[in-house]
Structures are given as structure tokens and as C-alpha cells.
Amino acid sequence: MKKGTKLISVTLGLILIFSVALLPSISVFADGWRDYRDRDEVPSERISPYLIDEANALSSIDDMMIEMAVTADSDEYNYDIVVVIVEGLGDYTAQELADDCYKYSGFAENGILFLLSMENREWAISVAGEAVNAFPETYQKHMYRAMKEDLENDDWTSAFSFGGFTFWCGTAIRAYEENGTAYSVWRDSMDREYIVKVIITAVLCGAMVGAVFALIKKLLRERNMPGAEVGVSARQYMDGRVELVDQYDRFVRNEHSEHFVSREK
Amino acid sequence: MTEIIQYKCPNCGGRVEFNSSTQNMKCPYCDSEFAVEEASVEKEQSAKGTSIKDMETGLKTYICQSCGGELVTDESTSAAVCPFCESPVVLSERISGAFRPDQLIPFKISKEAAQKALLEYYKGKIYLPDAFVEKNHLDEIKGVYVPYWVYNLTATAQGGYKCRKETSHRREDRDGYWVITDSAVYDVMRTGNIRFKNIPVDASPKMDDRTMEALEPFDFRGAVPFDAAYLSGFSADRYDETGGALMSRVKDRIEKDCTYALAQTIRGYDTAENTSIEVSISQAEKPIYMLCPVWILNTSFGDEKYRFVVNGQTGKIAGKLPIDVKKKRKMFRKDFFLFGGIAAVIWAIIWIVDEIGWWLFP
């Protein structure tokens with residue numbers, strides 16, 4: 001009995017010792033990036049997921065789709081590709097918050113983080129390591145422009161997952177790895193198709209405006225050309241006003257009508 | 001036998017004519033001027049009346065007392081100028097009896113002023129062929145006293161109208177609102193007299209009615225009792241259509257104005273719909289037979305002949321101008337490419353600036 005009691009005591013003691021020893025590491029894992037920032041301590045490994053939705057803006061489907069996209073691309077390109085949605089910015093700017101989030105989440109050396117504040121729709125992109133070269137400022141603006149409409153419509157999956165943010169991240173990283181230089185937004189914007197589009201619309205617009213103005217000028221000039229004379233009013237020969245000699249105003253009936261106007265219209 | 005009247009200068013015996021600038025008779029030979037009433041008349045019986053050949057065409061031949069040349073006129077001409085010696089002649093039979101005008105508005109605009117008015121008329125007419133202006137040559141400039149009937153009358157117009165007085169208000173509903181309108185419908189009738197003063201209607205079928213209407217108005221305060229001396233130096237026609245026969249044209253002219261004027265008497269309603277209108281001339285004074293001054297300028301361009309008429313009292317001009325179709329098309333193309341080009345460039349610039357702007361200010 002004594003021997004059994006001792007065994008139990010030893011076992012409990014060991015559990016207690018292990019528990020005390022493990023306590024700091026457990027508490028470290030449970031801390032969020034804000035806790036690390038408060039302590040100004042950069043975690044040695046990633047403590048946050050690739051999708052952080054602090055504002056609870058995403059539906060479960062959006063959450064799943066975006067998480068899947070950013071995780072897959074992060075694994076594929078060895079760049080951490082992160083999306084963060086916060087409720088507000090507090091005392092920070094969007095850029096400060098994005099930089100802090102990337103730094104204190106323990107993300108990889110190379111990576112990109114897109115932060116969006118739901119409060120005022122401010123946004124910022126934080127880049128780290130090689131991503132600084134792969135994502136120059138012009139490219140970041142280009143990315144935002146591509147996502148803007150979806151973000152305005154709260155179409156989060158389109159904005160962030162395949163075809164959106166992750167697509168533009170993949171394009172930039174691949175171009176950088178292949179050429180050693182950032183992806184040319186000019187090339188993207190000013191490709192042949194784009195230029196043809198600009199020219200066609202400019203020509204169509206010009207043709208319409210030209211036709212309208214030329215027609216107006218033609219009509220004005222034609223008006224200035226006397227053609228067949230039209231009948232001239234005899235009003236100028238009227239001597240005084242109409243002298244009423246007989247008149248009546250007879251009431252016939254009352255009419256009532258109701259007409260509904262929909263607010264949608 | 002026709003009596004030909006020619007006015008002589010009391011100083012030199014030359015043929016005198018009415019001068020529009022001074023409103024006096026003027027001798028072109030000795031520059032003497034005297035009042036219309038002072039003009040001495042030389043009358044002569046023209047021995048040559050109507051020949052058989054002339055009867056077929058309706059033309060009449062007269063002998064000019066100055067040069068003996070033959071002056072051929074149609075049946076309605078009452079004053080002319082000899083084509084050989086340019087002496088003015090007045091054919092008295094055409095201005096006597098029923099054909100004697102009651103009044104006349106003397107020419108105030110000279111021949112030169114009429115030509116100038118035509119050149120002014122060309123200005124700003126961008127579709128006018130360049131050659132028409134540059135090589136402009138007037139085939140004929142003729143001062144003509146055109147016969148007019150001038151009407152003073154009262155028209156009676158009777159109109160029926162369906163009028164409404166409306167009140168409407170809104171009633172809010174969950175998905176929108178109701179517009180509720182209550183109307184009181186009235187049957188309205190108006191009969192009114194409208195007086196017209198001095199409506200001129202040209203009585204010569206040689207002149208286009210619409211063109212002559214475009215020359216109006218004449219200032220009838222400038223009308224004087226008829227004196228044949230005013231015709232000296234000008235052509236004149238007598239009326240071919242009587243005052244009674246032209247009444248239908250007068251009615252056509254006033255009908256629209258009567259309808260409009262009567263509608264103006266409907267007041268106090270929100271809407272008025274005209275259901276019937278009847279205009280009649282209820283009272284008309286005897287029309288005044290009047291001669292009004294008109295300069296006729298004939299020109300030709302290509303195979304076409306163009307006639308312009310200038311109001312000899314006010315200088316107002318009317319007449320159809322030729323249009324250079326090639327020039328018209330060329331100007332349309334020019335405007336199209338000019339405005340279209342500018343619009344296309346602006347469009348492209350906006351697009352590009354928008355593109356660059358996005359990078360600078362996303």
C-alpha cells in the first residue's frame with residue numbers, strides 16, 4: 001500500500017513538474033500577434049494562419065475558399081501570402097498595422113500581407129524579404145485596382161482567392177523568379193489588346209461626336225440658307241386684343257383617378 | 001388708242017423720273033429737282049395699238065415718243081422704261097378707271113442700295129457657291145410697283161374647348177405612393193372678334209406669293225395718294241386678281257392667328273384641349289388698291305435663274321440662294337474629322353490619364 005502510494009505521488013509529482021515546465025510554451029502558442037507586438041517579441045515560427053479575419057467579415061464558405069487559396073499558394077511559392085481583415089485601425093495606420101502583423105506573426109522571410117480595415121476600407125500591403133523587389137509599389141496599386149470592385153461589393157472570394165489577390169501574387173512571384181525583376185504593370189496595361197481597345201473606343205467616340213457636331217453645324221448653316229419661303233404669320237396686323245362676344249363655361253363631370261408609383265422605380 | 005405719259009423737265013425738257021433718295025422728280029440731264037406735284041406732263045396718243053399678232057400673245061406694242069422705238073408690254077404693265085433710250089413711260093389706260101390705285105408707297109431704297117442689300121444677303125451664307133459670289137453678274141435690276149390689295153377687316157372666331165381643373169395629392173404607401181387626381185371637366189366655348197389692319201396681299205400672279213409675304217411688312221404710314229409721277233423711272237403692274245377674289249388668301253393667312261388668339265382667352269384651367277374652331281370674316285372694308293415698291297434682281301448661275309426681291313421701302317430682301325452640294329459635303333467631312341478627331345484624342349487622353357492616375361492615386 002505504501003509502495004503504491006509512493007508510486008502515485010511520484011507520478012503526480014512528475015506530472016506537476018512537466019506541467020510547470022510546459023506552461024510557458026503553452027501560453028506562448030496561445031498568444032496572438034498583438035500579444036507579441038505588445039511584448040515586442042518576434043516569434044520564431046508562424047503563430048497566425050494565412051487568413052486572419054478579426055472583423056468576422058467572411059462567411060464560412062468565403063473563409064474556407066480564401067484559406068485554401070492562400071495556403072496553397074504559400075506552400076507553392078515559398079512566400080507567405082497572407083490576408084488580414086480587421087475591424088478598425090485603432091491608433092495605427094493601415095501600413096503600420098500590416099507591417100506589425102507580418103512581423104509579429106512569425107511569417108516567413110519572404111512574403112506579402114494584404115490588410116483591410118472594415119471600418120473605413122483603408123488598405124495596406126506589407127512586403128518582406130524578396131517580396132520587396134517582387135512587389136514594387138506600382139504593382140501593389142495595380143493589384144488593389146484589380147481587386148477594388150470585388151472589395152467594394154464584399155465579394156471576398158473573388159477579391160482574395162483564385163483570380164484575385166492570390167492570382168496577382170502568383171503572377172508577380174513567378175515573373176520575379178524567372179526574370180529576376182518585378183512584373184511589368186505597363187506591359188500588362190499597355191498590351192496590344194489594351195491599346196487596340198483604347199483606339200477602337202476612341203475612334204467610335206470620335207465618330208459619334210464628330211457626326212453629331214457636323215450634323216448640328218450643317219443644320220445651322222442650312223438654316224442660314226434661305227430656301228423656299230414659308231408662309232408669314234398675319235399676327236403683326238392684328239389690331240388690339242380679341243373682343244369676346246359670346247362665351248360659356250359649362251361644368252360636365254368630375255373625374256377621379258389614382259395612380260400608384262412604386263418606390264423602386 | 002393708248003395714251004402714253006412722259007414727264008418732262010421744266011428746265012431742259014428732258015425726261016424726268018422719281019428719285020427715291022430725295023423723294024422728288026429729278027432730271028438726269030440737268031440735275032434739276034422738283035416736287036412730284038410740279039411735274040409737267042407730256043401726253044401723246046400712240047397710233048400703234050394692238051396688232052393681230054400681239055392679240056395672240058397678249059402683248060401690246062407702243063411707240064416711244066423720245067426715240068420712236070417700239071415698247072412691247074404685257075397686258076398688266078402700267079409703267080415701263082424704253083429699252084432703247086431708257087426713257088420712262090407711263091401707260092395711262094392701265095392706271096385709270098378701276099385700275100387707278102388708291103394709294104402708293106414711293107420707293108425709298110435706291111437701285112444701288114438694293115444691289116448692296118443683295119451683297120449683304122450673301123454674307124455668312126457658307127454653302128453659297130464661291131463662283132456665284134465672285135462672278136456675280138446681275139442680268140437685270142428692275143424697280144417695280146407691285147399691285148397689292150390691302151385689307152382692313154374683322155374676323156370672328158368661334159372655338160370649342162374641353163378644359164380641366166385638376167387637384168392632386170399623394171398618399172404614402174409601404175412600397176411607394178399613390179397619386180390621387182381629381183378633375184373637374186368643363187365644356188368651354190368662346191366667340192370673339194379680332195380686328196386686322198392693313199393686311200397686304202399681292203395681286204400680281206407674276207410674283208410668288210410666299211416670297212412677297214417674306215418681304216413684309218410695309219410701313220403703310222408712308223403711303224401717299226396715287227400720282228402717276230411716282231411711276232416715272234420704274235415699272236409698274238396693274239392687278240390681275242380683284243380684291244374679292246383674294247379674300248380666300250386673306251382668310252388662309254389669318255386663320256391660324258385667330259385660333260391662337262382665341263385660345264389665349266381661355267384662363268383659369270389647368271388644361272385646355274381645342275375641339276372645334278371656325279373662323280369667318282364677319283366684316284370687311286373695301287380693300288385698298290395700293291402699289292408697293294419692290295426691286296427685282298434677276299441673276300443666273302449655271303443653267304438656273306435666280307430672282308431676289310428687295311422691299312423698296314425697307315430694304316428687306318427675300319429669295320432662294322443656290323447651294324453648292326460639293327462644298328456642303330466637304331464641310332461636313334471637315335467638321336466630322338475635326339470634331340471627331342478632337343473627341344477621339346480627348347477620349348484617349350482621359351483613358352491614359354485615368355490609367356496613369358490609378359498608379360499615382362489609386
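**Helix 2 of chain B: a guided tour**

Begin by selecting B:E112 and B:K116, the exposed residues (over 50% relative accessible area, with a 1.4 Å probe and protein chains only) on the face of helix 2 of chain B that is turned away from its buried side. The model is predicted, so local features require pLDDT of at least 70 and side-chain atom pairs pLDDT 80 or more, while totals for chains, interfaces and linings use all residues. Residues are numbered from 1 along each chain as its sequence is written, chains are lettered from A in the order in which they are written, and side-chain values use heavy atoms, without hydrogens and water.

Next, select residues 111–122 of chain B, which form helix 2; helices here are DSSP runs of H or I with at least four residues, and strands are runs of E with at least two, numbered from the N terminus.

Now turn to the buried side. Its buried residues (under 20% relative accessible area) are B:A114, B:A117, B:L118, B:Y121 and B:Y122. They cover an arc of only 145 degrees around the axis, which places them on the same side of helix 2 of chain B; the arc is taken from the directions from the helix axis to the C-beta atoms.

To view the cover over these buried residues, display elements of chain B including helix 3 (130–134), strand 11 (138–172) and strand 16 (288–301).

How values were computed: Expected span 1.5 Å × (residues − 1). Contact = heavy atoms within 4.5 Å.
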